[in-house]
Amino acid sequence: MTNLKTMLSSKDMDWETPQEFFDELDKEFHFTLDPCATKETAKCKKYYNKKDNGLEQTWQGHTAFCNPPYGTEIKHWVKKCSDESKKPNTKVVMLIPARTDTIYFHEYIYHKAKLRFIKGRLKFGNSKNSAPFPSMLVIF
Ligand SMILES: C[S@@+](CC[C@H](N)C(=O)[O-])C[C@H]1O[C@@H](n2cnc3c(N)ncnc32)[C@H](O)[C@@H]1O
């Protein structure tokens with residue numbers, strides 16, 4: 001079970017999107033690809049897991065919902081989302097912590113993508129606790 005200590009630990013980077021939150025968003029965007037998931041957490045029929053390595057796959061032609069691992073690799077996912085979104089018929093929506101002081105935020109997101117800052121804090125996975133950070137949606 002996820003407790004606050006685990007949530008604050010850098011080892012636990014799999015912040016599963018709350019299903020209701022995803023469902024509302026899906027009504028608007030109609031997602032066709034979850035590029036970083038497990039079989040259990042995938043939000044779309046079509047998904048990539050660690051073994052597939054979503055960072056090395058093409059997302060072209062999809063509307064992707066990307067809630068990536070929140071460790072240091074997050075910058076690679078932000079770049080990938082930005083790059084993929086430039087391909088024809090491809091749209092990407094990211095759910096990430098609202099860390100507006102990061103290099104990747106300024107390089108790939110700020111003034112380049114549409115932003116929605118989430119009011120309040122999300123409860124990820126089955127956690128009863130709210131996340132210790134604010135979240136944002138980045139629409140590439
Ligand atoms: C924050 S969780 C999100 C899970 C799910 N997509 C969701 O929205 O609830 C990030 C997921 O990315 C997966 N992951 C980590 N590295 C990956 C990679 N290189 N390619 C694909 N998936 C990866 C992890 O196993 C984890 O399930």
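View 1. A nitrogen atom of the ligand is 2.9 Å from an N or O atom in the side chain of Asn-53. The model is predicted: local features need pLDDT of at least 70 and side-chain atom pairs pLDDT 80 or more, while totals for chains, interfaces and linings use all residues. Residues are numbered from 1 along each chain as its sequence is written, and side-chain values use heavy atoms, leaving out hydrogens and water. A polar side-chain atom of Asp-34 lies 2.8 Å from a ligand nitrogen atom, and a backbone N or O atom of Gly-54 lies 2.9 Å from a nitrogen atom of the ligand. Of the 590 Å² of accessible area that the ligand has on its own, the protein covers 94% (Shrake-Rupley method, 1.4 Å probe). A polar contact here is a pair of N or O atoms within 3.5 Å.

**View 2. The shell around the ligand.** The ligand is surrounded by 22 residues, and the closest are Thr-17, Asp-34, Cys-36, Asn-53 and Gly-54. The shell holds ten nonpolar, seven polar and five charged residues. Asp, Glu, Lys and Arg count as charged; Ala, Val, Leu, Ile, Met, Phe, Trp, Tyr, Cys and Pro as nonpolar; the others, including Gly, as polar.

**View 3. Helix 3 and what covers it.** Helix 3 (residues 74–85) has twelve residues, which should span 16 Å at 1.5 Å a residue; its end C-alpha atoms are 16 Å apart, which agrees. The expected span is 1.5 Å times one less than the number of residues. Helices (H or I, at least four residues) and strands (E, at least two) are DSSP runs, numbered from the N terminus. The buried residues of helix 3 include Ile-74, Trp-77 and Val-78. Their cover includes strand 1 (63–66), strand 2 (91–97) and helix 4 (103–109).

View 4. Thr-63 lies in strand 1 and is buried, with a relative accessible area of 16%. Buried means under 20% relative accessible area, exposed over 50%, and partly exposed in between (1.4 Å probe, protein chains only). Beyond its neighbours within four places in sequence, Thr-63 is in contact with residues including Phe-29, His-30 and Lys-91 (contact: heavy atoms within 4.5 Å). Ser-85, in helix 3, is buried at 18%. Not counting residues up to four places away in sequence, Ser-85 touches Thr-90, Val-92 and Phe-140.

**View 5. An exposed residue, Lys-50.** Lys-50 lies in the loop between helix 2 (19–29) and strand 1. With 78% relative accessibility, Lys-50 counts as exposed.

Note on methods: Near = heavy atom within 4 Å. Polar contact = N/O pair within 3.5 Å; in protein donor to acceptor, adjacent residues only side chain to side chain.
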